[in-house]
Amino acid sequence: MKSVVRFAMIPRVAMIPRVAMIPRIAMIPHFVLGFRILLILSVMLASGTMTPIAAHPASSTHSVSSNQLSSSEQSILTASNILEVKRVDLDSLVRFLKKEVNPRIYYIKDSREQSTFSVKGERVDFFRLVEVALREKGYNVSTYDGALYILHSKSLYASLPTGFFDRGGVSGDNAELHRYLASQNLSVTYENKVYEIGESDAGRTGKVYLSGYVRDIASGEPLVGVSVYDESSAYTATDADGFYRLQLPVGDRILNFSGYSMEDLHLNIKLFDDGSLDVSMKEKVTALTGVVISADDVSRHKDSRIGIEKVRINTISKVPAAFGEADVLKVVLTLPGVKSVGEASSGFNVRGGSTDQNLILFNDGTIYNPSHMFGLFSTFNTDVISEIELYKSSIPSEFGGRISSVLDVRGREGNSNKLTGSVGLGLLTSRFHLEGPLGKGNGKGNGKGKGNGNGNGNGQGRTTFIVGGRTTYSNWILNLIPEGRSDYAGGKAAFRDLNASVSHHFNERTSLHAYAYLSHDDFAFQGDTTFRYDNMNFSLKLRSNFNEKNSLIVVAGYDSYRSGFDNDFNEQSGYTISTGTNQAFAKISFKSSLGQKHSLSYGLNGVYYMLNPGTLSPLYKETLVTPRSLDEQNGLELAAYVSDVWTPDEKLSLEGGIRYSGFVAMRPGGYHHSPEFRFSGKYSFRDNLSLKAGFNSMNQYIHLISNTSSISPMDTWQLTGDKVKPQKGWQAAGGLYWTVGGKLDISMEGYYKRMSNYLDYKSGAVLVMNEALSDWLVPTYGKAYGVELLLKKTVGKLNGWLSYTYSRTFLREMQDRGVETINGGDWYNAPHDKPHDVKMVANYKITHRYSVSLNLDYSTGRPVTVPNGKYVYGGGYRLAYTERNAYRVPDYFRMDLAMNIEPGHYLKQFSHMSVTFGVYNVTGRRNAYSVFYTTQGGTAVHGRMLSVFACPIPYINLNLKF
Amino acid sequence: MNKHILLLVAVSLLAAGCVYDFSAYLGPTQKRLVVEGELMVGSQSKVILSYVTATDSYSESYPEKPATVLLKGEDGSSYEGVPDESSPGNYALDLRKASPDTRYRLLVTNGDTGRDYETDWLEVSKAAVIDSLSSMLLNDKVAIGISLHANGEKYFRWNYEEIYEYTSDYRAYVYYVPVSSLTPAERAANPFGKVVPYPDNENNYYCWSGDHSTEILIFNTKEQSDDRFVDLEFRTIARTNIRLSELYYIKVRVATLNEDAYRYWQNIKSNSDYNGSLFSPNPSEMRGNIRCIQDAGESVIGFIYLSQAAEAELYIDNQKTHYYDSRGRYSISPELCESKDLWPNLFRLGNIPVVQETGPGVSETDPPYYWVSKYCADCRTMGGTKSKPSFWPNKHQ
C-alpha cells in the first residue's frame, strides 16, 4: 500500500531556518527506541517543555573544542565523568551531544547564528547546562518520543494552520489535509513539519522508494539537477523533468534538496512505505548568488562520475559576452578543459577532442552547427533554456556517437501557473519569449497536487508551452566597417532562430513533450561567396514513471543540418552548392532501482543518417553549369546499453556500463560494431573530500571533413563506410574533490586520452563536391593529456570560479605515405593545442539589485602553420610550408567587465526590467585569431595578424520580463 | 537605447575585426629547389630553376652553376634548355616544332649539387580557343574579361603581359645641357649651361611601360556542360590608372591543365593568397610531379605540364574608349624663368625646361624658358622607358 503526500514547501523568504542534518555516528544502545515515533514539532514550539536526558555513567573526561571532535572514541562512560566543550558552534555542539547524550537530535539553526557555546559539567548535569546555554542564545529544547529538538525561539510559526499539529500529521483524510495545506502554502514554513510517507501500519522494514517531482514554486517549471539526499548514502539528482527517485530506509530521515540557485530545503520525513513527495523550491532571493556554476558541492561528492560541468541559465546571463548577448557556448568556454581555436569560431574543443567530436544535444536533438554569425553567437536562445550539462570525461552509457564530449542543453518547460514572457534588446540582436499554461482550468491556484498519484490520474492534464525567437540587425554595424580593414567589411550577416515546445502532463507519472527548433544563418564577406546554413530539429518525448522502481523515457525525432554557399562569378558560371545532414532517431531508456544498492539504466538508441554530401546547381537560368549531386550516404547506427550504479555504502559508489554500438552503412556500404565501456567510481574519505576515477571508450560513425580551423558552411559530413573507419577514442581520468568550509570547492582532474581514425586530409584535397573524397582523407591518431585545477566559490557576496589547465593535444598520421606523410609521420600539434590556460569568472553582488562581473581569460596561443620560405613561381612570390602547426600565435588574454542591474522585487509590478552593460575586452588587447602570410597576388610577402575583437567593445542589453 | 552608446559601439567596432601587420622569426629556411615549367607546345617556353629563400629576404636565389635542362619526347625528339643570360635560372626551350601528339618528360640536373630530377612521361593537353578578350567599364574600374572554349579540357590557367603607352603632363620641346656636359669652348659661351631643342622624333613625352601577371589565374569548367566561359573578369584597372591614359595592350596566354596540375595551382593559390580569414583553409603543401632521382625524400617544388599554346591580345585605346579619368592626375604649371643664372640651381632641384617664351619683344636668340618639375615633363620619371615595342601600332617615338 502506498500513500502520497503532496505539498508545496516554501521556505520563508525573510528568515531561512535550516535543518542541519548530522550523520548518526555511534548508536548508543540505551537510546535505541522504537521506530514508530510521531514527531510533531508543535509540541516543542508550544510548550517549550523539555525533558532533560539522564546522562549516563562515563569514566573519562571529554573535552571538546571546535576543531577537535573525535567521533571514533568509544569511551566507557561513568558517573564521575566531566564533559566539556569550549567555544564550539551549534553544529559541533549538536554533534557532541549526539555522541555523548542522545543520537537522535534534530535542530533548526538560525541562518544568522554565529554563537559559540562553552559548557563544562558533570555528565549527569551536562545536558541541563547545555540547555541553559542554548536558552541564553534564544533556543528552546524539547523532546518528543525519545528524540530531542532544538529550535530557535524567535522562529515565527504563528501562522501555521490551526489544528495542524493537533492532527499529528497522521491518519485522517490525507487528501483533505493536503488541499488545506496547499491553500495556505504562502504562509507555512514547511521545513518545520514532518511528512509521513505511507501509512504507519504498513509494516515495511528495510528500504522503500520515495519519488516525486521538484518544481519551481513560482513557475511550476521542473527543476533539473537538484540534489536529493539524506544523511546516509542515499543520493540522486532530479532529471530533465525534475523527477527524482531515492531508496531510503524506513524510519525518520531528513531529506535535503539543494540546487545551485534554489534555497536549500531540509525536510523531516517519516517513511513507512513506498510513496511520493513532490517538492516546490524557491529561487534564492536574499542569498547573494550571482554566478554559480555547476552543481552544488553535494553532487560533486556524491556522484561517481568524473568531469561533469553543469551551468544554470542565470549564471549564463551574468557572464560578460561580446555584444552582451548571454551565450551558452561562451560560458562553456570558461570551463576548464574547454577550448576553442579563436574568438569568433564555431564549435569548441573538449580535452583535446576536435569540434566534430562533441555531441551537442538540444532537447535530445543533435545540433550540427552550434553557432550563429561565424561564431559570434551560439544558436541557443537563453530564454528557453534551463540548464546545460557538459560531460567531459564520464559519458553516461545512454549517450554515444561522439568520442569527445556530450553537451546536453535542456529547454525549459513553460510556466504552468500563468502567462509570462520576456523581451530582450541588444545592439545586434533582439529576442522574445512567451510561456504559459495551455487550455482551460490549468494552473489555477496552485500548479501542484493534481491527481493524487495513487494511480487515478483523473484526467486533470496540465499543458504548458514555451516559445522563443531571436533575430539580428547587424548589417548596420557591418556597413560601418571601412573596406579593406576587416574581413567583415562590406559583408552582410543575418540569423534568426525559433524554439517552441509544448508539454503535457497526463498525470504525475506520465508526460509528453514536443520540441521544435529552427535556425537560419546567411552571410557574405567581400567577394563572390555567400554562405548559409540551417538547423532544424523536431522531437517528441514521452516519459513515464510507471511504478516506484521503474521509469521509462521514449524519444523520437528528426534533425537536419543544411549548409551551402553560392559562388557568383557571372551568369554563365555562377553556381550554388548545398549539403545536408539529416537524421531520424529514436531512443528508449529505462531506469530501474534494483535491490538496495543498485540503480540500473538500460536502453536502445537508433539513428538513421541521410547525408547529402553535395548538390551543385546553377544560380542563373542562362547558364553553362550542369546540376550535379554526389551520391547520398545512408547508414544506421544502433546501440544498446546497460549500466549500473552500485553504492555499497556512503563512501563508495561505482558505476559500470557497457554500450554496444554498431553501424551499418547502406551507402557507401560496410559495417562496424564494437563495445564501448564506461566505468567510474568515487570514494569519499569524508563528506567533503572525494576521490574519483573513470575510464570510458567511445565510437563515432560520422565525421566532419574540414580544412578550416572552425566549423564552416563549406565543411561536409561523411559517414563511416568501407573506406572510412569509425573514430574511436578512450579516456582515463582521475580527480580529487575537496570542499573547504562548505564554501570553496577545490578540484583537480587529470586525464589521458587516445583517439584513432580522426580524419585529416591530403594536401591539396578539394573537399567540396568531391566524388572520391574518401581517397583524399588520411586517418590520424590523436593523443591528449592534461590536468585541470578548479577553485570555485559558490556562496557569499563574491563568487565564481578560477581554473588553470595544462593540456597537450597531438595528432599523428596512421599510415606511412612516404614524403607526403604529415610531419614525417611524427606527432604534431593539433590545431587546438593550447597548453596553458587560466580562466576566471567572478561576480560580486553589491546589493540585491546590483552586481559586477569580471571575466579573465588567458591561454597560450594556438598552433598555426606558417611559411618556411618564399619562392618565385608563376610570375610572383609564393609561400613554402613545411611543418604543420609548428608555430604559435601570440598568447591570448582578455578581460571583460559587466554590471548587472536586476529588477526590484516588487512582486505586484507587471514587468521587471533588468539591464546589463559592460565592456568586452577591457584592455583592448589585439588578440590574434590567426597569424598568416600572404603574397598579395604575388607581389610581396606580408605577415599579418587577424584580430577579431581588437578593441574594447561596450555593450548594453535590456531584458524585460512580464 | 541611448544614441550615444550606439555611436560609441559603432565607433569602437570600426577598429574591431582588423588585420594588423605582424612579423616574427619563423625559423630557418630550407634551401629547396623549385622547378617551374609551363611548357607550351608550339611556342617558346621556359623552365625556371630557383631556390626557396627566407620570407623576409629581398633577394631571390638561383642555382649558381649552370644546370642542364632537357625535354625528351617519346618520339625520340629532344629539346635542350638554353640559359637566358638576362634572367638567371631561366632556360629557354624552343617548342615551336614540337609535336603535340607524343609524350614528354623533363630531365634536370642541378649544377650546384649534381643531383638529377625527372618527371614521368607527360601528355600534352589540347589547346583552348580564346574567343575574345574584352574590356568593360565598371563604375570606377575597367575590367578585362576573357571568353574561351575548349573541347574536353576543363582546367585552365592563363597569364598575361601588358604594355602601355603614356605621356608626361607636358611635352618638353627643349632640353637642358648642364655646364658639366659642355665642351670647354661651349662652357665659356654658356656659363649657366644651355637649352637645346629636341630633334624631330625625339622626346621624353611618350613612354612605354609593361608588367606581367603575378597573381595566379585559374578557372575550371568541371561543373559545366560546355567547356567554355564568357567574359570572366581577371584584371581590373582603376580608371585613374595611367595605364589607360593612351594605349594599353594586354596579351594573354592560356594553358590547359590536367586535374592534378590544376589542383597544384589551386593549392599554391590558397596557400599564398587565401590565408588567415575566418573560413580560409589551413595552408598545406602539395607535392609536385618532379622528383630527385638520387633521393626520393627530397621535396622539390614544382609541377611540370605541357599544353598547346593559345594566345590572344587586346588594345584599349583611350582615344576611342575614353576610359581614362585624368581627374586624379595632379600637376603643377610651368613657370617662366627670366634669368639664366638660375638654370643650374633649377636643374639641380629637379626641374627641366619645357618650352620657350614667345611673343612680341621676346628675344629670338636667347629667349627665356618655362621650367617645370621633371616629374611633369619627363615620362621616364614615371617608371617607363623610351623603348617602344616593335609591334606597337602608334607611329610616334
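This briefing covers salt bridges in the structure above. The model is predicted, so local features need pLDDT of at least 70 and side-chain atom pairs count only at pLDDT 80 or more, while totals for chains, interfaces and linings use all residues. Residues are numbered from 1 along each chain as its sequence is written, chains are lettered from A in the order in which they are written, and side-chain values use heavy atoms, with hydrogens and water left out. Over all chains, the structure holds 54 salt bridges (a side-chain nitrogen of Lys or Arg within 4 Å of a carboxyl oxygen of Asp or Glu).

- A:Glu309 and A:Lys392 form a salt bridge whose closest N and O atoms are 3.1 Å apart.
- Because A:Glu309 lies in strand β17 (residues 308-312) and A:Lys392 in the loop between β24 (385-391) and β25 (405-411), the pair ties together parts of chain A that are 83 residues apart in sequence (strands are DSSP runs of E, at least two residues, numbered from the N terminus).
- A:Glu309 counts as buried at 4% relative accessibility, and A:Lys392 is buried at 0% (buried means under 20% relative accessible area, exposed over 50%, partly exposed in between, with a 1.4 Å probe and protein chains only).

**A partly exposed pair in chain A**
- A:Arg667 forms a salt bridge with A:Glu632, with the closest N and O atoms 3.9 Å apart.
- A:Arg667 is partly exposed at 43% relative accessibility, as is A:Glu632 at 36%.

**A pair in chain B**
- The side chains of B:Glu298 and B:Arg115 meet in a salt bridge at 2.3 Å, N to O, and the two residues are 183 residues apart.
- B:Glu298 counts as buried at 15% relative accessibility, whereas B:Arg115 is partly exposed at 28%.

Conventions
Helices (H or I, at least four residues) and strands (E, at least two) are DSSP runs, numbered from the N terminus.
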